[in-house]
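Please keep the sequence and the structure in view while reading.

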Amino acid sequence: MATLRRLREVPRHLLVCEKSNFGNHKSRHRHIIQTHYYNYRVSFLIPECGILSEELKNLVMQTGPYYFVKSLPLHELITHEFISTFIKKGSCCALTYNTNIDEDNTVALLPNGTLLLSLDKDTYEETGLQGRPSQFSGRKIMKFIVSIDLMELSLNLDSKKYERISWSFKEKKPLKFDFLLAWHNTGSEESTMMSYFSKYQIQEHQPKVALSTLRDLQCPVLQSSELEGTPDVSCRALELFDWLGAVFSNVDLNNEPNNFISTYCCPQPSTVVAKAYSCTITGFILPEKICLLLEHLCHYYDEPKLAPWVTLSVQGFADSPVSWGKNEHGFRKGGEHLYNFVIFNNQDYWLQMAVGANDHCPP
């Protein structure tokens, strides 16, 4: 009976909302984007817009590429050549593909050069590496976290620490994973992922882009200074957050009595826009690409526009070992970690950050 009660419990979620202005020197918008490393879906919605500008459309089409490498030995990510080629010359992200964070061994390479291993108890003990119990462990510890600073490690490749880690990955407990990788190069284009990992099965992918024009869309009325809204004047930030989820999920919002799938409708007060442009990008998307997209959307109002606001929503991989920065992430009843910007025509913005049951409060 206790198990049944736990299954019926509504999953715990955290949603943090704040407001600021892009011109404010204390604005956290860049930090929030740059420390949310593992992004699989980016969506934006522009009311009163029927077609994208060529500049914005080109930016959307240039959010890739990313790479899929099959059965890549873990020791390949700690070699001096890999660190020198990709970590020191840009921003490199890697994440194990098709692994469940609560059950499987999972590995992530953060852009700052930190290699994170989330290992089950048996694998952890077999590696012989030093780590700590997962913060989401119960009375019986089943998962352990190992953190390796590759930048520090590369300073002395003759050290006993490097030899121990290399021996562990190559001989004591050889580990192989399917990986997603992406690299933002800040220097020359001398090396590429395709050529570097040519001896393995590697595929280059471009993110999938879905563009659509929504007609006669009922949109909430918002006031940039009012996160909590004002009765009969403007909607709350939480109401907008729910509404955006419905729009991006293509939910029917007319609340017709014979609709047995959804009775959800647009919060009030609202207004109907003749056209709204929706774009969704799906893949393995680096924070640098999202920063560029947000910057472009901030300049959307450089010329007069009818749109009172635009939104940019970003969803993270449900089974990544971290959410923001080095904050450990778990799945349990829901692996969501996402954020949303609402950009107003006066350069004010709302920032909404949400995480699921196994996470600390967003930064």
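The domain bounds used here come from an automatic or database domain assignment, and the model to which they are applied is a predicted one. The assignment gives domain 1, made of residues 8-64 together with 208-355, and domain 2, made of residues 66-205. Taken over C-alpha atoms, the centres of domain 1 and domain 2 are separated by 31 Å, and the contact takes 20 residues from domain 1 and 27 residues from domain 2.

The size of an interface is often given as the accessible area lost when the parts come together. For domain 1 and domain 2 the buried area is about 2000 Å², with 68% of it on carbon and sulfur atoms. On the side of domain 1, F284, D319 and E328 supply 35% of the area buried against domain 2, which is more than any other three residues supply.

Which residues meet in a salt bridge? The side chains of R132 and E328 do, at 3.3 Å from N to O, and the rule finds 1 salt bridge across the interface of domain 1 and domain 2. Between the two domains there are also 6 residue pairs in polar contact, and the side of domain 1 that touches domain 2 has 9 nonpolar, 6 polar and 5 charged residues.

Turning to the cysteines, a search of the whole structure finds 0 disulfides. For C265, the nearest cysteine sulfur is that of C266, 7.5 Å away, whereas a disulfide would need the sulfur atoms within 2.5 Å. The table gives the exposure of two cysteines.

| Residue | Relative accessible area | Class |
|---|---|---|
| C17 | 29% | partly exposed |
| C265 | 34% | partly exposed |

Conventions:
Residues are numbered from 1 along each chain as its sequence is written. This is a predicted model: local features need pLDDT of at least 70, side-chain atom pairs count only at pLDDT 80 or more; totals for chains, interfaces and linings use all residues. Side-chain values use heavy atoms; hydrogens and water are left out. Contact means heavy atoms within 4.5 Å. Buried area is the accessible area (1.4 Å probe) that two parts lose on being put together, summed over both. A salt bridge is a side-chain nitrogen of Lys or Arg within 4 Å of a carboxyl oxygen of Asp or Glu. A polar contact is a pair of N or O atoms within 3.5 Å; within protein, one must be able to donate a hydrogen and the other to accept it, and residues adjacent in sequence count only if both atoms are side-chain atoms. Ala, Val, Leu, Ile, Met, Phe, Trp, Tyr, Cys and Pro count as nonpolar, Asp, Glu, Lys and Arg as charged, and the others, Gly among them, as polar. Buried means under 20% relative accessible area, exposed over 50%, partly exposed in between (1.4 Å probe, protein chains only).
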